[in-house]
Amino acid sequence: MKYIKKIWPLVKLFFLFVKELFLSSFAVLKHVVAPKLTMKPGIVALPTVLTTRWEVTLLSSLICLTPGTLTLDITPDGKTLYIHAMDIEDAEVLVKQMKDTFEKAILEVSQA
(Lines give C-alpha, C1' and ligand atoms only; values in the text may rest on other atoms or scores of the structure.)
Protein backbone atom coordinates (compact mmCIF):
# COMPACT_ATOMS: atom_id res chain seq x y z
CA MET A 1 0.00 0.00 0.00
CA LYS A 2 2.91 2.33 0.76
CA TYR A 3 4.14 2.18 -2.83
CA ILE A 4 0.69 2.86 -4.29
CA LYS A 5 0.65 6.24 -2.48
CA LYS A 6 3.89 7.17 -4.28
CA ILE A 7 2.54 6.55 -7.76
CA TRP A 8 0.75 9.92 -8.12
CA PRO A 9 3.73 12.01 -6.89
CA LEU A 10 6.02 10.00 -9.20
CA VAL A 11 3.71 10.63 -12.16
CA LYS A 12 3.64 14.34 -11.30
CA LEU A 13 7.46 14.41 -11.09
CA PHE A 14 7.73 12.67 -14.46
CA PHE A 15 5.41 15.13 -16.19
CA LEU A 16 7.10 18.07 -14.48
CA PHE A 17 10.43 16.86 -15.87
CA VAL A 18 8.98 16.43 -19.37
CA LYS A 19 7.52 19.96 -19.22
CA GLU A 20 10.85 21.44 -18.05
CA LEU A 21 12.68 19.40 -20.70
CA PHE A 22 10.60 20.89 -23.51
CA LEU A 23 10.70 24.44 -22.13
CA SER A 24 14.46 24.41 -21.67
CA SER A 25 15.02 22.72 -25.04
CA PHE A 26 13.18 25.56 -26.77
CA ALA A 27 15.12 28.14 -24.74
CA VAL A 28 18.42 26.55 -25.79
CA LEU A 29 17.23 26.30 -29.40
CA LYS A 30 16.38 30.00 -29.34
CA HIS A 31 19.97 30.82 -28.34
CA VAL A 32 21.42 28.47 -30.95
CA VAL A 33 19.54 30.00 -33.88
CA ALA A 34 19.81 33.62 -32.68
CA PRO A 35 22.12 35.77 -34.81
CA LYS A 36 23.62 37.44 -31.70
CA LEU A 37 25.13 35.85 -28.63
CA THR A 38 22.91 37.27 -25.89
CA MET A 39 23.12 34.60 -23.20
CA LYS A 40 24.58 35.25 -19.77
CA PRO A 41 26.13 32.01 -18.45
CA GLY A 42 26.97 31.64 -14.79
CA ILE A 43 27.22 29.48 -11.73
CA VAL A 44 24.69 29.55 -8.89
CA ALA A 45 24.59 27.88 -5.49
CA LEU A 46 21.37 25.99 -4.86
CA PRO A 47 20.79 25.32 -1.15
CA THR A 48 18.54 22.33 -0.68
CA VAL A 49 16.35 20.97 2.09
CA LEU A 50 16.62 17.43 0.73
CA THR A 51 18.18 15.12 3.30
CA THR A 52 18.85 11.71 1.79
CA ARG A 53 21.52 10.91 -0.76
CA TRP A 54 19.00 9.54 -3.28
CA GLU A 55 16.98 12.76 -3.13
CA VAL A 56 20.03 14.93 -3.75
CA THR A 57 21.22 12.58 -6.49
CA LEU A 58 17.81 12.68 -8.17
CA LEU A 59 17.76 16.48 -8.02
CA SER A 60 21.26 16.64 -9.47
CA SER A 61 20.35 14.20 -12.23
CA LEU A 62 17.18 16.07 -13.19
CA ILE A 63 19.17 19.31 -13.40
CA CYS A 64 21.83 17.65 -15.58
CA LEU A 65 19.21 16.14 -17.88
CA THR A 66 17.57 19.52 -18.45
CA PRO A 67 19.21 21.32 -21.41
CA GLY A 68 21.09 24.47 -20.48
CA THR A 69 21.91 23.43 -16.89
CA LEU A 70 24.55 21.23 -15.33
CA THR A 71 25.33 20.27 -11.75
CA LEU A 72 29.01 20.99 -11.23
CA ASP A 73 29.46 19.97 -7.60
CA ILE A 74 27.65 19.00 -4.43
CA THR A 75 29.01 19.95 -1.02
CA PRO A 76 30.10 16.99 1.14
CA ASP A 77 27.14 17.48 3.47
CA GLY A 78 24.76 17.44 0.47
CA LYS A 79 23.14 20.74 1.43
CA THR A 80 24.28 22.85 -1.55
CA LEU A 81 24.53 22.12 -5.27
CA TYR A 82 26.59 24.29 -7.59
CA ILE A 83 24.87 24.63 -10.93
CA HIS A 84 26.09 26.07 -14.21
CA ALA A 85 23.32 27.61 -16.26
CA MET A 86 23.63 28.66 -19.88
CA ASP A 87 21.53 31.78 -19.44
CA ILE A 88 20.94 33.47 -16.10
CA GLU A 89 18.83 36.60 -16.06
CA ASP A 90 18.47 36.54 -12.26
CA ALA A 91 20.21 33.95 -10.08
CA GLU A 92 17.64 34.22 -7.29
CA VAL A 93 14.79 33.56 -9.72
CA LEU A 94 16.60 30.51 -11.11
CA VAL A 95 17.18 29.10 -7.61
CA LYS A 96 13.54 29.75 -6.64
CA GLN A 97 12.33 28.06 -9.83
CA MET A 98 14.39 24.92 -9.16
CA LYS A 99 13.24 24.79 -5.54
CA ASP A 100 9.59 25.28 -6.52
CA THR A 101 9.68 22.62 -9.23
CA PHE A 102 12.14 19.76 -8.89
CA GLU A 103 12.91 20.01 -5.17
CA LYS A 104 9.24 20.33 -4.21
CA ALA A 105 8.26 17.35 -6.42
CA ILE A 106 11.06 15.19 -4.99
CA LEU A 107 9.91 16.04 -1.46
CA GLU A 108 6.37 14.99 -2.38
CA VAL A 109 7.66 11.63 -3.62
CA SER A 110 9.80 10.99 -0.55
CA GLN A 111 7.09 12.03 1.91
CA ALA A 112 4.31 10.02 0.26
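**Exercise 1. Packing of α2 against α4**

The crossing of α2 and α4 is left-handed. Determine how the two helices α2 and α4 are oriented to each other, and which residues of α2 and α4 meet.

Solution. 
1. The model is predicted. In it, helix α2 covers residues 7-33, and its axis lies 8 Å from that of α4, at an angle of about 155 degrees.
2. Angles over 145 degrees count as roughly antiparallel. The helices α2 and α4 are therefore roughly antiparallel to each other.
3. On the α2 side, the residues that meet α4 are P9, L10, K12, L13, L16, F17 and E20. Their counterparts in α4 are Q97, T101, F102, A105, I106, E108 and V109.
4. Sorted by class, the contact of α2 with α4 holds nine nonpolar, two polar and three charged residues.

**Exercise 2. Packing of α3 against α4**

Classify the orientation of α3 and α4, and state the handedness of their crossing.

Solution. 
1. Helix α3 spans residues 53-65 and helix α4 spans residues 91-111. Their axes come within 10 Å and cross at roughly 140 degrees.
2. Hence α3 and α4 are oblique to each other.
3. The crossing in which α3 passes α4 is right-handed.
4. From α3, the contact draws on W54, E55, L58, L59, L62 and I63; from α4, it draws on M98, F102, E103, I106, V109 and S110.
5. The contact of α3 with α4 comprises nine nonpolar residues, one polar residue and two charged residues.

**Exercise 3. An aromatic pair**

How many aromatic pairs are there, and what is the geometry of the rings of F14 and F15?

Solution. 
1. Ring centres within 6.5 Å qualify as a pair. The count comes to one aromatic pair.
2. The ring centres of F14 and F15 are 5.3 Å apart, and the ring planes stand at 75 degrees, so the pair is edge-to-face.
3. F15 has a relative accessibility of 52% and therefore counts as exposed.

**Exercise 4. The chain as a whole**

Describe the secondary structure of the protein chain, its C-alpha box and its share of buried residues.

Solution. 
1. The protein chain has four helices and three strands. Along the sequence these elements follow the pattern α-α-β-α-β-β-α.
2. Taken along the principal axes, the C-alpha atoms fill a box of roughly 55 × 30 × 20 Å.
3. Of the 112 residues in the protein chain, 35% are buried.
4. Consider contacts between residues at least 6 apart in sequence: 71% of them join residues at least 24 apart.

Definitions and conventions: Residues numbered from 1 in each chain as written. Predicted model: local features only at pLDDT ≥ 70, side-chain atom pairs only at ≥ 80, totals over all residues. Heavy atoms only, no water. Phe/Tyr/Trp six-rings, centres within 6.5 Å; stacked < 30°, edge-to-face > 60°. Buried < 20%, exposed > 50% of the residue type's maximum accessible area, 1.4 Å probe, protein only. Axes fitted to C-alpha atoms, helices over the stretch in contact; angles between N-to-C directions. Parallel < 35°, antiparallel > 145°, perpendicular 65-115°, else oblique. Left-handed = near helix turned anticlockwise from the far one by under 90°. Contact = heavy atoms within 4.5 Å. Nonpolar A, V, L, I, M, F, W, Y, C, P; charged D, E, K, R; others polar.
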